[in-house]
Amino acid sequence: IILRKLYQPFMRRRERIFVMDRKSAELVKYAANTMLATRISFMNILARLAEKVGADIKDVRVGIGSDTRIGMEFLFPGIGFGGSCFPKDIRALIEVMSGNDIDPGFFQEILEINTTQRNWFASKILETFPDIDKRKFAVWGLAFKGGTNDVREAPSIDVIEAILNAGGSVIAYDPNATREFRSAFGKKKKLEYGTDQYKILKDCSALIVLTDELGFRNPDFQKIVDLLKNSPTVFDGRNLYEPKELAKKGIRYFCVGRTQ
């Protein structure tokens, strides 16, 4: 009754409080986040297939999302989900299922796809630059999603680690999460941080975009071309740009499941 009175001003259009037993409520929480994560992993594995067969995952998203039974929400392919909620709740659901003698394999696969998606994206960088130990890369975005300073289980951790382990150098920029990332990732050789998203491009072989931060969505591509070394190259883990438009600007562009 008290909760209903508190939330009444926010429920003028529809009922938003549901009453159920505690165990059902807990399962709702785990299931909701797991369902959203499932949609993300589904699109990510489909994006890999799209690249192999020459399809465009953007068109695929529009096609399946137009079905009202499916909808457009959480169907953006990229480099995987992070943060605290999705991974934590999926693992909790797996634990509960295992404790009740139910095979949690389906939900384990969601996490597995999420991990391999990051490695798959990092492999694009390593394959494009076999002499990676002589290369420096600029990274835009360190948080698990744009507009936050949350780096818990952020894809940037895996991608940057893959580059450093292969001998490459990285200079990173994030308007919100640099301090948190520096604290979580620790001090590493060949890793530095910048305070200007364009200045960090100087002397780099490629730009790697890892979040959909508002400031990254419509950048000055001429600056990118002018500042990057040799053939300007962009690896876009969030599909923020149009492949054909970047090709016109003379930029080599690698994204997730898009036709070039």
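A residue is called buried under 20% relative accessible area, exposed over 50% and partly exposed in between, with a 1.4 Å probe and protein chains only. By that scale Glu51 is partly exposed, with a relative accessible area of 32%. The model is predicted: local features need pLDDT of at least 70, side-chain atom pairs count only at pLDDT 80 or more, and totals for chains, interfaces and linings use all residues. Residues are numbered from 1 along each chain as its sequence is written, and side-chain values use heavy atoms, with hydrogens and water left out.

Start with the whole protein. Of its 260 residues, 45% count as buried. Along the principal axes, the C-alpha atoms fill a box of roughly 65 × 45 × 40 Å. The secondary structure comes to 10 helices and 6 strands. Helices (H or I, at least four residues) and strands (E, at least two) are DSSP runs, numbered from the N terminus. Contact means heavy atoms within 4.5 Å. Among contacts with a separation of 6 or more, 67% join residues 24 or more positions apart.

Now take the helix packing. Two packed helices are described by the angle between their axes and the distance between the axes. Helix H2 (residues 22-53) packs against H4 at an angle of about 115 degrees. Their axes lie 8 Å apart. Axes here are lines fitted to C-alpha atoms, for helices over the stretch in contact, and angles run from 0 to 180 degrees between N-to-C directions. The crossing of H2 with H4 is left-handed. That term applies if the near helix is turned anticlockwise from the far one by less than a right angle; clockwise gives right-handed. On the H2 side, the contact uses Leu27, Lys29, Tyr30, Asn33, Thr34, Leu36, Ala37 and Ile40. H4 brings Cys85, Phe86, Lys88, Asp89, Ile90, Ala92 and Leu93. By class, the contact holds 10 nonpolar, 2 polar and 3 charged residues. Ala, Val, Leu, Ile, Met, Phe, Trp, Tyr, Cys and Pro count as nonpolar, Asp, Glu, Lys and Arg as charged, and the others, Gly among them, as polar.

Pockets come next. The search uses a 1 Å grid over the protein atoms alone; a pocket is an open set of points where a 1.4 Å probe fits, with protein on both sides within 12 Å along at least five of seven lines, and lining residues have an atom within 4 Å of a point. Grid points are joined across faces, edges and corners, and a volume is the space filled by probe spheres set on the points. The largest pocket holds about 900 Å³ of space. Its lining has 28 residues, and Ile40, Phe76, Pro77, Asp212 and Arg238 lie nearest the centre. Helix H3 (57-65) and helix H4 (85-99) are the elements that give two or more residues to this lining. H3 supplies the largest share, 4 residues. The lining divides into 13 nonpolar, 7 polar and 8 charged residues. Ile40 also belongs to the H2 side of the contact with H4.

Arg238 leads on to Thr211, which touches it. Thr211 sits in the loop between strand E4 (206-209) and helix H8 (214-217). Thr211 is buried, at a relative accessible area of 1%. Beyond its neighbours within four places in sequence, the contacts of Thr211 include Trp140, Gly141, Leu142 and Leu240.

The second largest pocket has a volume of about 170 Å³. It is lined by 10 residues, with Glu51, Trp120, Lys124, Phe254 and Cys255 nearest its centre. Helix H5 (105-128) and strand E6 (252-254) each supply at least two of the lining residues. H5 gives the most, with 4 residues. The lining has 4 nonpolar, 2 polar and 4 charged residues.

Which residues does Glu51 touch, not counting those up to four places away in sequence? They are Trp120, Lys124, Cys255, Val256, Gly257 and Arg258. Glu51 itself is found in helix H2. Thr68 is 17 residues away along the chain, and the two C-alpha atoms are separated by 26 Å.

Two backbone details remain. Glu153 has a positive phi of about 55 degrees although it is not a glycine. Its place is in the loop between strand E1 (136-140) and helix H6 (155-165). Asn239, also a residue other than glycine, has a positive phi near 55 degrees. Asn239 is found in the loop between strand E5 (233-236) and helix H10 (243-248). Is Asn239 buried or exposed? Asn239 is buried, with a relative accessible area of 19%.
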